[in-house]
Amino acid sequence: MLPPALCVSLLAASCALWLPASVLAASCEPVRIPLCRSMPWNMTKMPNHLHHSTQDNAVLAIEQFEGLLGTGCSPDLLFFLCAMYAPICTIDFQHEPIKPCKAVCERAKYGCEPVMKRYNHSWPDSLDCSELPLYDRGVCISPEAIVKAEGPDPYNTDLTRCNPESSPDSPMDSNSFHCRGPNAGCKCKTVKMSLKTYLRNNYNYVIRARVREVRNRGLEPTAVVEVKEVLKSSLVNIPKEAQTLYYSSSCLCPPLVLGEEYVIMGYEDEERSRLLLIESSIAQKWKDKMGRKVKRWDQNLQGKSRSAVRRSRP
C-alpha cells in the first residue's frame, strides 16, 4: 500500500486503487469555493449533490448564479446553493453528504424564480425542491438549524432533524444532533390586543401581513412579510409588497409562524426607514373584524390627542 503522504501528490484515481473504500468514503476536504467560504461549515465532500467530482468543477457551475445572487432575490439562495455544491461533511455523515431542507429550497425558489423569468430563465431542474428531504423524514440542514459547537474542531457542527420554523421550542436529541429553534430559551410576554393597550403603546404602524420568512442569523434578526393592507403608517411609507421587520432581540418576540396572516402593530425607525418589532409589539392572527376595530381605536386615539392639545392651550 502506498504511504498516505505519497497519495497526496498522486491523482485521486490512482490513489483509489490502493486506499481502502472506508478511507475514501471518509475523506472530507476544506471548502475552497469562494462563494461558500462564508458558510457556517468549512469542510465538504465530493462528489456533491450535483455530481461534480471536484470542487474545481463545482466552482465553474455555481459561478453562473453570481448575477442572481447580486439581485438579493432571496437571503436563502447562497446557503441553499452552497449546501448543494459544497455540501457539509461531518464526522457523523461522511458517507452521504447532508442535503438542504426542502423548505430552504422553496424559499430560495419563491424569491428568485420571478427574477429569473424576467430574463427568460426558469428554476433549474437539477435544483428541484421536490427531491429534497422534509424535516420530519430525515436529516437536512437549514440556516436556522445550524448551531456551531464550541471548540476549534471543524467537524464539530450540530445539525437538526427538526423543523425549527414549525416547532421552534421543541428540543430533540438524536445521537449528536440537537434541535434548537430560533426561540429556544426565550419566553415572549403576551401583549393583549385591546383598546387600552393600543392607546397606551401608541403604535406607529399597523399592518395586515402574511409571514414569508423569519431569520435569526447575525446581529439583526428579521421577519419578511407580504403586506396585504396598511391600517396605519405614521413615519415610514409602507407599500403593499414584501417588507422586512426588524426584531429588537434574538428572542423574536412577538413570535411569527410562516405562512400565517397577522395584524402586526409596531414602531417605525424614521431615520433608517425601518419597521420595528419589539417586546411590546403585537402580532395576532388576522380576523376580518380586526381592520374595523383598529380604525375605531385609531379614531379614539386621535380624538384623545386633539383633546390633550386643546387642554394644553392657555
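Me: A disulfide is a pair of cysteine sulfur atoms within 2.5 Å. How many disulfides does the count come to by this rule?

Reply: The model is predicted, so local features need pLDDT of at least 70 and side-chain atom pairs pLDDT 80 or more, while totals for chains, interfaces and linings use all residues. Residues are numbered from 1 along each chain as its sequence is written, and side-chain values use heavy atoms, without hydrogens and water. By the sulfur rule, the count of disulfides is 5.

Me: How many residues apart in sequence are the parts that C73 and C112 tie together?

Reply: A disulfide joins C73 to C112, with 1.9 Å from S to S. The angle about the S-S bond is 85°, and this link is right-handed. C73 lies in the loop between α5 (66-70) and α6, and C112 in helix α7 (residues 102-118), so the separation of the parts in residues is 39. Helices (H or I, at least four residues) and strands (E, at least two) are DSSP runs numbered from the N terminus.

Me: Is C140 buried or exposed?

Reply: C140 forms a disulfide with C101, the sulfur atoms being 2.1 Å apart. Buried means under 20% relative accessible area, exposed over 50%, and partly exposed in between (1.4 Å probe, protein chains only). The relative accessible area of C140 is 1%, so C140 is buried.

Me: In which helix does C105 lie?

Reply: C105 and C129 form a disulfide with sulfur atoms 2.0 Å apart. At -75° about the S-S bond, the link of C105 and C129 is left-handed. C129 is in the loop between α7 and β3, 24 residues from C105, which is in helix α7.

Me: Is α4 roughly parallel or antiparallel to α6?

Reply: Helix α4 (residues 55-62) packs with helix α6 (residues 77-85) at about 150°, their axes 11 Å apart. Axes are lines fitted to C-alpha atoms, for helices over the stretch in contact, and angles run from 0 to 180 degrees between N-to-C directions. Under 35 degrees is roughly parallel, over 145 roughly antiparallel, 65 to 115 roughly perpendicular, and the rest oblique. The angle therefore makes α4, relative to α6, roughly antiparallel.

Me: How many nonpolar residues does the contact of α4 with α6 have?

Reply: Contact means heavy atoms within 4.5 Å. A58, A61 and I62 of α4 meet L81, C82 and Y85 of α6. Ala, Val, Leu, Ile, Met, Phe, Trp, Tyr, Cys and Pro count as nonpolar, Asp, Glu, Lys and Arg as charged, and the others, Gly among them, as polar. The contact has no polar and no charged residues, and its number of nonpolar residues is 6.
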